[in-house]
Amino acid sequence: MTAVQSRLMSWEGLLLALLVVIVAINIGYSPYYLGVENIVNLFQLSIEKIIVALVMTLIIISGEIDLSVASIMGLAACVMAWLFQLGLPMPLCLLAAILIGAFCGAFNGFWVAYVGLPSLAVTLAGLIGFRGVARIFLEDRAIGGYPAWFNSLGQQPIFGPLTFSIIVFILLFAVIGIALHGSALGRYIYVMGNGIEAARYSGVNVKRVKLMLFTASGVVAAIAGLLYAARLGSVRGDTAFGFELDIITIVLLGGVSIFGGSGSLLGVGLSIFLILNLRNGMGLANITGNTQTSVIGALLILSVLVPNIVQSTLKRLKGRET
Amino acid sequence: MKKFLTTTAALALVSVMAHAAYAADAKATPGKSIDMVLLPKFLGIAVFDQAHTGAAEAQKELKNPKEVKFLGPTPENSVAGQIEIVTNATTQNVGAIMISNNAGDQIAPAAKAAHDKGIKIVTWDSPIPTAEGEDVFVAQVDFNKTGQVMADMALNILPDGGEFAILSASPDAANQNAWIKAFEQVLKDPKYAKLKQVDLVYGNDQSEQSYNQALALVDKHPNLKLIMAPTTVGIAAAAKAMQDEKLCDKVKVSGLGLPAEMVSYTMNGCAPQFALWSFVDLGYLTYYTAYMLAAGDLKAEEGAKFTAGRMGDYEITKDPTREKGLRVLMGPFTVYDKSNVEAAAK
Amino acid sequence: MSWLQRHIRPEQVRELSLLLIIILAVIVFGAMIDGYYTSRTFNRIATSVAIVTVIGAGMTLVVLTRNIDLSVGSIVGCTAYFTGVQLAANPNLGALSAIAIAMGLGLLMGAVNGVIVAWGRVPSIIVTLGTLAIYRGILIDYSGAKTVTTDSLPPWLVDLPQMPLMTIGGLEIRAIVVLALIVVIVFQLLLSFFNFGRGFYAIGSNPDAAELVGLPKQRIIFTAFALSGALSGLAGFMFLARFGNITVEAGRGLELQVVAAVVVGGVNIFGGSGTLIGAMLGAVMIGTLEQSLFRLQINEFWRDAILGLLILLAVASDAVLLNRLRALWARADMRPVARPTSAVGSEGEVAP
């Protein structure tokens with residue numbers, strides 16, 4: 001086992017241990033926690049964010065970042081709402097919204113891959129710009145009244161207790177897991193994250209892979225935005241505003257390096273469980289608002305800090321022995 | 001101005017008399033143990049804490065052994081956070097949820113799920129537009145009246161008329177949108193013909209953006225004489241901007257504001273008049289309404305009358321400002337100017 | 001030209017390309033907006049970017065060391081609020097003590113970030129994402145939902161933002177703008193002409209090598225965060241003076257504006273290159289676009305879409321201009337024997 005592997009293993013082990021502790025506390029604290037309704041809600045309440053977190057994992061491992069995802073979510077939902085109000089059939093509205101998402105993603109990807117601009121700058125402009133375009137469509141209106149089948153996609157269980165959104169998440173998790181850990185594409189992504197130069201030498205078409213990744217990010221964000229619209233049954237200009245920070249937090253807690261090149265989908269999956277259970281537990285204990293975000297912030301720092309301190313203390317002790 | 005104040009006083013009197021005319025049937029049964037959640041738009045803002053104070057006062061009066069749970073999201077996560085809190089409260093099967101809705105119709109599915117479980121949903125400050133999942137809305141004032149008050153203040157400040165612009169919160173703020181619509185409606189009356197609206201901009205309830213937007217309004221419209229801001233953040237930022245740029249003689253500020261935040265601008269003439277209602281009373285009345293609904297003392301139906309402690313008698317009516325939905329109307333406005341702002345600021 | 005090329009590297013004139021783009025933008029807006037070339041326009045833009053510029057200076061120091069500080073908005077909120085409360089309680093507190101309180105508290109909060117990043121070896125984005133939430137949480141608890149109100153503040157503070165320091169041919173230069181300029185110039189000089197300052201660049205461009213040659217890596221990173229906190233504290237003081245009414249929301253979202261200014265200003269987000277002047281120009285560029293779009297008679301709902309596009313165009317044209325310059329220099333280098341200095345110069349700027 002290489003050093004990197006063992007570090008990754010221990011990271012995921014740590015997340016798992018934390019998860020067990022949190023679940024145990026939740027079970028002990030709240031009689032409502034283990035109810036099927038609550039477990040489904042626990043996922044449902046953040047389902048769109050965790051769907052986007054999966055594709056964000058790929059982007060960050062490849063050494064880039066996409067800050068525009070929440071704005072694309074909002075834009076896709078607004079385009080759908082606008083077309084629906086014009087009287088277009090719903091499936092067409094959905095298709096158009098997903099295409100818009102693909103276009104936004106490809107637009108980001110073009111500037112990053114083919115012009116060579118930093119993705120932080122490009123997607124920051126996208127964060128402002130795409131949200132701005134969403135505003136143009138809906139201005140100060142809120143649009144609802146979608147067909148029942150659409151709303152039920154986000155609200156009704158269709159398979160056992162699972163909703164359509166949760167099934168999308170599970171499928172996407174599987175697809176991205178295979179792509180990242182079991183395919184050539186996944187290897188390319190890691191190589192790219194470890195250094196563009198290295199990737200070029202190993203024959204990866206860096207530009208194409210980047211364009212593809214950003215386009216995928218746009219499409220997934222658009223789908224997530226539509227699912228969000230379905231769950232809430234109404235769309236307005238600020239739909240999904242500010243989600244990017246939560247999404248990135250999930251990915252980073254999953255052990256993905258912000259500089260790219262390392263991290264695993266398993267880690268991100270555990271991080272999702274961890275944050276969702278923590279939020280739910282605090283919600284049931286009536287801890288909300290800033291206290292909740294502070295606890296998650298502290299967890300984020302401590303989960304890296306404490307192992308580091310333990311590690312260096314152990315090293316010092318070992319040094320004394322020899 | 002005096003005349004205007006007397007009109008408001010008269011209106012208040014009329015509404016008090018109107019209340020007195022009804023025989024109030026429903027009285028609260030104190031001492032029941034009911035879990036109740038008070039949900040503000042977000043935490044850390046003065047007006048919502050005032051509502052909490054009012055609700056806590058009502059809770060003590062009604063001897064509910066369960067303290068009111070004041071749970072709110074963070075500002076940057078307001079919509080998703082409100083939905084989460086409603087959903088978790090539903091899981092815990094509380095007796096009533098009192099929502100100052102910031103999510104528009106987006107909160108309807110969560111509210112409906114709670115309502116279907118038998119939880120009473122009372123909105124206050126800002127209702128659910130379609131009224132879906134909502135038992136009743138406790139309205140601080142009649143939303144159409146807000147337009148009237150804004151128009152009257154504008155005419156008081158600009159008796160000779162002139163250009164004015166509106167500085168609102170965000171394009172998604174349902175309250176502000178409703179008030180502005182009512183305001184524009186009132187302005188069609190020939191009485192206000194000399195007032196000319198030239199712009200509508202948004203400061204997103206952030207001091208910085210509101211401040212910059214206020215200055216930009218002055219730059220864009222050289223003949224601007226008044227900025228009307230129906231939001232406590234916007235009005236304070238606009239007043240500071242006018243004061244900083246020494247524009248107070250030329251451009252006045254008015255709208256809805258907190259006395260404590262506005263007192264210096266009212267005294268130095270930057271914001272000669274503004275209005276608001278009591279959030280403490282709003283919290284108190286909301287708690288009474290929700291408690292009586294959850295305790296079974298009151299039914300959420302048109303024509304139901306009840307007594308809300310120190311605030312007197314109220315009636316549930318159809319909400320004329322929405323297509324559907326029921327309403328309890330609190331009212332009235334207090335209009336602040338040099339004569340009363342200092343006392344209210346303390 | 002050849003003399004120029006021998007003495008100046010493209011990275012040193014990269015601010016020029018930004019300046020060119022800003023001038024171009026001003027000319028275009030000037031043609032579109034009546035009465036654009038007035039002292040009023042200058043004042044609007046200058047005062048509105050002053051706060052972002054000061055925070056941007058601190059952020060640049062942090063970014064140079066290959067880190068990032070996302071907690072600045074929360075630090076601004078905390079320091080503005082806390083200083084406001086102190087001033088309300090002790091109206092006799094002077095300007096200097098108020099600034100000292102704000103910067104001291106900021107320094108403390110930045111130092112916490114710095115210790116955890118430098119000695120705790122926790123990635124800065126994780127630390128400051130955490131403290132972004134934690135500092136804001138502390139503020140909300142501390143405030144008890146009370147607002148610091150303008151009338152509780154001493155008059156000198158409320159009047160500070162519009163106080164002119166000097167007047168140059170009808171142009172009022174305000175104290176708050178001068179303060180921001182001084183911060184940028186002082187720290188830029190420290191960075192460029194002191195060994196300790198050059199260490200910031202060394203650590204960012206190659207942390208391992210920098211440590212090998214004996215640079216105090218941890219101390220430098222700690223210093224960067226501490227300074228970023230202190231400057232955010234100063235910005236908090238400016239925020240308090242400018243807006244008067246301070247709620248717990250003060251400064252929310254500033255981190256994104258500052259990161260945008262720094263990135264547009266050509267500071268490499270992966271460390272090692274960029275200047276404070278550049279970051280300031282980035283802030284000025286975004287401020288100019290924003291303020292000028294306010295003035296244009298365009299639909300309120302179109303503004304952000306246009307702003308996003310313009311920022312992208314600015315970043316893209318800056319990159320193109322810079323590549324041109326680099327190509328020019330490279331060609332000049334071909335003629336004599338290639339000098340190692342220029343090779344290093346262009347290596348450091350590869351877009352991530």
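Mentor: Happy to! Chain C holds 15 helices and two strands, where helices (H or I, at least four residues) and strands (E, at least two) are DSSP runs numbered from the N terminus. Its radius of gyration is 21 Å, close to the 20 Å that the globule rule gives for 352 residues, so chain C is as compact as a globular protein of that length; the radius is taken over C-alpha atoms, and the rule is 2.2 Å times the number of residues to the power 0.38.

Please keep in mind that this is a predicted model: local features need pLDDT of at least 70, side-chain atom pairs count only at pLDDT 80 or more, and totals for chains, interfaces and linings use all residues. Residues are numbered from 1 along each chain as its sequence is written, while chains are lettered from A and ligands numbered from 1 in the order in which they are written.

Back to chain C: along its principal axes, the C-alpha trace spans about 70 × 55 × 40 Å. Of its 352 residues, 53% are buried (20 or more other C-beta atoms within 10 Å of a residue's own, with C-beta atoms placed from the backbone). Among contacts (C-beta atoms, placed from the backbone, within 7 Å) with a separation of 6 or more, 79% join residues 24 or more positions apart.

Now for the neighbouring part. Chain B has an open sheet of eight strands with mixed pairing, in the order β2-β1-β3-β4-β5-β13-β12-β11; strands pair if DSSP finds at least two bridges between them.

Technical notes
Buried ≥ 20, exposed ≤ 12 C-beta atoms within 10 Å, placed from the backbone. Contact = placed C-beta atoms within 7 Å.
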